[in-house]
Amino acid sequence: MNLNKYRKGACVLFHTSGYDTQAVVKNNGSTEYGLFQISNRFWCKSSEFPKSENICGISCDKFLNDELVDDIACAKKILDIKGIDYWKAYKPMCSEKLEQWRCEKP
């Protein structure tokens, strides 16, 4: 098992949403929703951005609850299409020096 993959994921989520499933962030004319900060420009549908590509086929407000099945499914699509670099926090904050993200007993 590649633990670095999980450490990178924990780091990205921390720096992207602060682990807040109800996080909503305005970003360059679009809005990002939930734990994974999924954009209404491409991935989900909202009244604010009705011409979204809605690649995940879901309403953006579905990413603002604690039920993560749909969030994870969409995040997997994003990873398949865009890769980890979709999340801007990855390169500057989560690509190296991941010691602080260990979940091990000292």
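Predicted model: local features only at pLDDT ≥ 70, side-chain atom pairs only at ≥ 80, totals over all residues.

**Entry 1: overview**

How many helices and strands does the secondary structure of the protein come to? I count three helices and three strands, where helices (H or I, at least four residues) and strands (E, at least two) are DSSP runs numbered from the N terminus. Along the sequence the pattern reads α-β-β-β-α-α.

Residues are numbered from 1 along each chain as its sequence is written, and side-chain values use heavy atoms, with hydrogens and water left out.

I looked up burial next. Of the 106 residues in the protein, 35% are buried; buried means under 20% relative accessible area, exposed over 50%, and partly exposed in between (1.4 Å probe, protein chains only). The protein exposes about 6900 Å², with 54% of that coming from carbon and sulfur atoms. Those accessible areas come from the Shrake-Rupley method with a 1.4 Å probe, and for residues only the protein chains shown count as cover.

I also checked how far apart in sequence the contacts reach, a contact being heavy atoms within 4.5 Å. Among contacts between residues at least 6 apart in sequence, 40% join residues at least 24 apart.

**Entry 2: cysteines**

I searched for disulfides, meaning pairs of cysteine sulfur atoms within 2.5 Å. The count comes to two.

One of them joins C44 to C60, with S to S at 2.0 Å. Both cysteines are in the loop between β3 and α2, 16 residues apart, and the pair links distant parts of the chain. The torsion about this S-S bond is about 100 degrees, so the C44 and C60 disulfide is right-handed. C44 is buried at 0% relative accessible area, and C60 is buried at 1%.

Another disulfide joins C56 to C74, again with S to S at 2.0 Å. C56 lies in the loop between β3 and α2 and C74 in helix α2, so the pair ties together parts that are 18 residues apart in sequence. Here the S-S torsion is about 80 degrees, so the C56 and C74 disulfide is right-handed. C56 counts as buried at 14% relative accessibility, and C74 does at 2%.

**Entry 3: two serines**

Where is S46 placed? I find S46 in the loop between β3 (38-39) and α2 (69-81). Is S46 buried or exposed? At 12% relative accessibility, S46 counts as buried.

Leaving aside neighbours within four places in sequence, S46 is in contact with Y33, N40 and C60. With N40, the side chain of S46 makes a polar contact of 2.8 Å. (Polar contact: a pair of N or O atoms within 3.5 Å; within protein, one must be able to donate a hydrogen and the other to accept it, and residues adjacent in sequence count only if both atoms are side-chain atoms.)

I then moved to S39, which is found in strand β3. S39 is buried at 5% relative accessibility. Not counting residues up to four places away in sequence, S39 touches S30, T31, E32, C44 and Y86. I also took a C-alpha to C-alpha distance: S39 and F49 are 9.8 Å apart in space and 10 residues apart in sequence.

**Entry 4: charged pairs**

How many salt bridges does a search of the whole structure find? It finds two, a salt bridge being a side-chain nitrogen of Lys or Arg within 4 Å of a carboxyl oxygen of Asp or Glu.

E48 and K26 meet in a salt bridge at 2.8 Å, N to O. This pair links distant parts of the chain, with E48 in the loop between β3 and α2 and K26 in strand β1 (residues 24-27), 22 residues apart. E48 is partly exposed at 37% relative accessibility, while K26 is exposed at 62%.

D85 forms a salt bridge with K91, and the closest N and O atoms are 3.8 Å apart. D85 counts as partly exposed at 38% relative accessibility; K91 is exposed at 57%.
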